[in-house]
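Trainee: I am new to this structure. Please walk me through it, one feature at a time.

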Amino acid sequence: MKPDGVLFSNGPGDPAAVPYAVETVKEIIGKVPVFGICMGHQLLGQALGGKTFKMKFGHHGGNHPVGNLRNGRVEISAQVCVLSYLAKNHNYAVDPASLPAGVEVTHINLNDKSCAGLACAELNLMSLQYHPESSPGPHDSDPGRLYIPKKLDLKEKMKENSRAPV
């Protein structure tokens with residue numbers, strides 16, 4: 001199997017309880033572009049050497065303001081599991097102070113300043129802790145417009161690099 005990229009999606013519980021998943025993420029990072037959302041974001045954080053922690057209250061329900069540190073915009077997160085239409089229970093977060101050099105915190109939850117997004121261009125990965133809306137306002141947190149094209153660019157760069165003579 002030769003995927004163009006890998007998406008680690010949401011899931012319940014403590015990411016530290018699934019060390020085998022973290023090991024799988026470690027094996028994939030750097031080989032193909034990687035995107036994580038929700039628990040996938042936490043797994044990526046751990047695979048990069050960071051730590052996760054249980055939040056005092058967690059994030060539940062909708063309309064959480066998230067600061068995009070790259071462009072200065074405020075985005076509104078859904079905090080809802082799109083597949084089941086149930087409120088998302090997100091009780092864990094990545095500790096940004098535990099992340100290694102080269103990993104950029106791209107988004108923060110504006111209510112409690114917790115890490116809501118990561119990126120590492122060198123390893124062709126990015127992740128979001130929340131479910132981005134697909135344009136509830138003019139173009140709020142549209143993953144197709146704001147995030148996916150960046151990943152596709154990374155995918156093309158990775159393909160070019162794999163063709164370079166050694």
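Mentor: Start with helix α2, which is mostly covered: 9 of its 9 residues are buried. Buried means under 20% relative accessible area, exposed over 50%, partly exposed in between, with a 1.4 Å probe and protein chains only. This is a predicted model: local features need pLDDT of at least 70, side-chain atom pairs count only at pLDDT 80 or more, and totals for chains, interfaces and linings use all residues. Residues are numbered from 1 along each chain as its sequence is written, and side-chain values use heavy atoms, leaving out hydrogens and water.

Trainee: Which residues of α2 are buried?

Mentor: Met39, Gly40, His41, Gln42, Leu43, Leu44, Gly45, Gln46 and Ala47. Just after α2, Gly49 takes a positive phi of about 105 degrees. Helices (H or I, at least four residues) and strands (E, at least two) are DSSP runs, numbered from the N terminus.

Trainee: How do I read two packed helices?

Mentor: Two packed helices are described by the angle between their axes and the distance between the axes. Here, α1 (residues 19-28) and α2 (residues 39-47) have axes that come within 9 Å and cross at roughly 70 degrees. That makes α1 roughly perpendicular to α2. Angles under 35 degrees count as roughly parallel, over 145 as roughly antiparallel, 65 to 115 as roughly perpendicular and the rest as oblique. Axes are lines fitted to C-alpha atoms, for helices over the stretch in contact, and angles run from 0 to 180 degrees between N-to-C directions.

Trainee: Which residues make the contact?

Mentor: From α1, Ala21, Val22, Val25 and Lys26; from α2, Leu43, Leu44, Gln46 and Ala47. Contact means heavy atoms within 4.5 Å.

Trainee: What is the order of the strands in the sheet?

Mentor: The open sheet has 7 strands, ordered β1-β2-β11-β10-β9-β4-β5, with mixed pairing. Two strands pair if DSSP finds at least two bridges between them. At the edges stand β1 (6-8) and β5 (74-77), each with a single partner strand, so one side of each is left without a neighbour in the sheet. From one strand to the next, the twist averages 20 degrees.

Trainee: Where does α2 pack on the sheet?

Mentor: It touches β1, β2 (34-37), β10 (115-120) and β11 (125-128). The direction of α2 makes about 125 degrees with that of β2.

Trainee: In what sense do β4 and β5 pair?

Mentor: Strand β4 (residues 64-68) pairs with β5 in the antiparallel sense, over 4 bridges. Gly67 stands opposite Val74 in β5.

Trainee: How many disulfides are there?

Mentor: The count is 0, taking a disulfide as a pair of cysteine sulfur atoms within 2.5 Å. Cys38 counts as buried at 3% relative accessibility. Cys120 is buried at 5%.
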